[in-house]
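Please look first at the sequence and the three-dimensional structure shown here. The explanation after them leads from the overall fold to single residues.

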Amino acid sequence: MRPSLARLAKAASTQKGLRPDPMALLPPIPLYRRLLRAHRKFLPAELRVLGDEYIKAEFRAHRKVDNPAHLIGFLTEWQMYAQKIEGDAWIGDKIDEGKLAKLSDEQVYQLYDLMQSIEKHRRGE
């Protein structure tokens, strides 16, 4: 039997780890809605379009993931992103070196492609 995302999120929020107790991990659908709402409320229109498309693609791509560790990591990172957007902590923020080192070659390429899209948008192309 495949565990549901909501059940995994609830289990992850009750486990004690090495990190301080974060806010309870949101299930996928409420987190998805929170992210889109945060973009609507806190991002300029041009960044909102790019961010919304990226969020939609990422949640679609992870819809059928079965590995609980991947799901918990995915939901945790998106929840921390939502907290940053809502608090304006994202402005001028850089990616943590440890997280960058853990990325696969494909993820580094996707990040680079995203950076190029943002730069192209800034230049007005």
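The paragraphs below treat the confidence of the model, its overall architecture, its charged pairs and its surface.

This is a predicted model, in which local features need pLDDT of at least 70 and side-chain atom pairs count only at pLDDT 80 or more, while totals for chains, interfaces and linings use all residues. Residues are numbered from 1 along each chain as its sequence is written, and side-chain values use heavy atoms, with hydrogens and water left out.

The term pLDDT denotes the predictor's confidence in each residue, on a scale from 0 to 100. For the protein chain the mean pLDDT is 81, and 78% of the residues reach 70 or more. Among the elements of the chain, the highest mean pLDDT, 94, belongs to α2, and the lowest, 54, to helix α1 (residues 5–14). Over residues 14–21 the pLDDT stays under 50, and the model has three contacts for them beyond four places in sequence; a contact means heavy atoms within 4.5 Å. Where pLDDT is low, the predicted coordinates should not be read in detail.

The architecture comes next. The protein chain contains six helices and zero strands. Helices (H or I, at least four residues) and strands (E, at least two) are DSSP runs, numbered from the N terminus. Read from that terminus, the order of the elements is α-α-α-α-α-α. Of the contacts in the chain with a separation of 6 or more, 58% are accounted for by residues 24 or more positions apart. Met-80 lies in helix α4 and is partly exposed, with a relative accessible area of 29%.

How much of the chain is buried? Of the 125 residues in the protein chain, 21% are buried. Here buried means under 20% relative accessible area, exposed means over 50%, and partly exposed lies in between (1.4 Å probe, protein chains only). The accessible surface of the chain comes to about 9,400 Å², and carbon and sulfur atoms hold 57% of this area. Such areas come from the Shrake-Rupley method with a 1.4 Å probe, and for residues only the protein chains shown count as cover.

The charged pairs form the next topic. Side chains of opposite charge can pair when their charged atoms come close. A salt bridge is defined as a side-chain nitrogen of Lys or Arg within 4 Å of a carboxyl oxygen of Asp or Glu. Three salt bridges are found in a search of the whole structure.

One of them joins Glu-86 and Arg-34, whose closest N and O atoms are 2.7 Å apart. This pair links distant parts of the chain, with Glu-86 in helix α4 (residues 68–86) and Arg-34 in helix α2, 52 residues apart. Helix α2 covers residues 28–42. Arg-34 is buried because its relative accessible area is 11%, whereas Glu-86, at 31%, is partly exposed. The side chains of Arg-34 and Glu-86 also make a polar contact (2.7 Å). A polar contact is a pair of N or O atoms within 3.5 Å; within protein, one must be able to donate a hydrogen and the other to accept it, and residues adjacent in sequence count only if both atoms are side-chain atoms.

Another salt bridge brings together the side chains of Asp-52 and Arg-48 (3.4 Å, N to O). Because Asp-52 and Arg-48 are four residues apart in helix α3 (residues 45–61), about one helical turn separates them. Asp-52 counts as buried at 11% relative accessibility, while Arg-48 counts as partly exposed at 31%.

A further salt bridge forms between Glu-77 and Lys-99, with 3.0 Å between the closest N and O atoms. Glu-77 lies in helix α4 and Lys-99 in helix α5, so the pair ties together parts that are 22 residues apart in sequence. Glu-77 is partly exposed at 33% relative accessibility, and Lys-99 is partly exposed at 36%.

The surface also carries a nonpolar patch. Which residues form this patch? Ile-95, Leu-100 and Leu-111 do so, with about 220 Å² of accessible area together. Patches are made of residues with over 30% relative accessible area and no salt bridge; like charges are joined within 9 Å, and nonpolar side chains (Val, Leu, Ile, Met, Phe, Trp, Tyr) within 5 Å. Leu-100 is placed in helix α5 (residues 97–102) and is partly exposed, with a relative accessible area of 34%.
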